[in-house]
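Please look at the sequence and the model shown here. The paragraphs that follow lead through the fold step by step and then turn to the aromatic rings.

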Amino acid sequence: DQISRVFSNLIKNAIQAIPETIEGKITVIISRDEEHYIVEIKDNGNGIAEDKKDKIFVPNFTTKNTGMGLGLAMVKNIVENAHGNIWFDTKENIGTSFFVRLPKA
């Protein structure tokens with residue numbers, strides 16, 4: 001249930017990051033290595049500004065006009081409680097990829 005919440009939150013954020021003026025594209029890529037599953041959720045949205053990158057997982061921080069800024073903090077907590085990790089790669093005005101790595105069983 002919690003892992004489902006992780007991915008629905010990341011996909012919702014990806015949708016909201018895409019301006020209405022462009023055709024949105026969200027890609028989900030699943031890969032694995034010997035010990036982990038890696039899921040990448042990639043969008044072609046606004047990207048994350050340089051001055052906001054280090055705050056993105058902080059509770060009560062948001063770049064949106066609505067919401068309380070708890071989504072990514074909650075996502076990080078769930079992933080880390082599952083012995084996984086989460087990180088992102090972003091380019092302003094090009095898009096963002098969030099990566100979730102979770103251990104196999």
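Is Asn77 buried, partly exposed or exposed? Asn77 is partly exposed, because its relative accessible area is 44%; buried means under 20% relative accessible area, exposed over 50%, and partly exposed in between, with a 1.4 Å probe and protein chains only. Asn77 belongs to helix α2. Its C-alpha atom is separated by 9.3 Å from that of Phe57, a residue 20 residues apart from Asn77 along the chain.

This is a predicted model, in which local features need pLDDT of at least 70 and side-chain atom pairs count only at pLDDT 80 or more, while totals for chains, interfaces and linings use all residues. Residues are numbered from 1 along each chain as its sequence is written, and side-chain values use heavy atoms, with hydrogens and water left out.

Consider the overall fold. The chain contains two helices and four strands, where helices (H or I, at least four residues) and strands (E, at least two) are DSSP runs numbered from the N terminus. Read from the N terminus on, the order of the elements is α-β-β-α-β-β. The C-alpha trace spans about 40 × 30 × 25 Å along its principal axes. For 105 residues, a compact globule would have a radius of gyration near 13 Å, and the chain agrees with this, because its own value is 13 Å; the radius is taken over C-alpha atoms, and the globule rule is 2.2 Å times the number of residues to the power 0.38. Of the 105 residues, 32% count as buried.

The sheet comes next. Strands of a sheet pair through backbone hydrogen bonds, either parallel or antiparallel. Here four strands make an open sheet in the order β1-β2-β4-β3, with antiparallel pairing; two strands pair if DSSP finds at least two bridges between them. Strands β1 (26-32) and β3 stand at the edges with a single partner strand each, so one side of each has no neighbour in the sheet. From one strand to the next, the twist averages 15 degrees. Helix α1 (residues 2-17) packs on this sheet and touches β1, β2, β3 and β4, a contact being heavy atoms within 4.5 Å. The direction of α1 makes about 20 degrees with that of β2; axes are lines fitted to C-alpha atoms, for helices over the stretch in contact, and angles run from 0 to 180 degrees between N-to-C directions. Seven bridges join the antiparallel strands β2 and β4, and Ile41 has Phe98 in β4 as its bridge partner.

The structure holds four aromatic pairs; rings of Phe, Tyr and Trp (its six-membered ring) pair if their centres lie within 6.5 Å, and planes under 30 degrees apart count as stacked, over 60 as edge-to-face and the rest as tilted. One of the pairs is Phe57 with Phe98, edge-to-face at 6.2 Å centre to centre and 85 degrees between the planes. It links distant parts of the chain, 41 residues apart: Phe57 is in the loop between β2 (36-43) and α2 (71-81), and Phe98 is in strand β4 (residues 95-103). Both Phe57 and Phe98 are buried. Phe88 and Phe98 form a tilted pair, because their ring centres are 5.4 Å apart and their planes lie at 40 degrees. Phe88 is in strand β3 (residues 85-91) and Phe98 in strand β4, so this pair ties together parts 10 residues apart in sequence. Phe57, Phe88 and Phe98 form one aromatic cluster.
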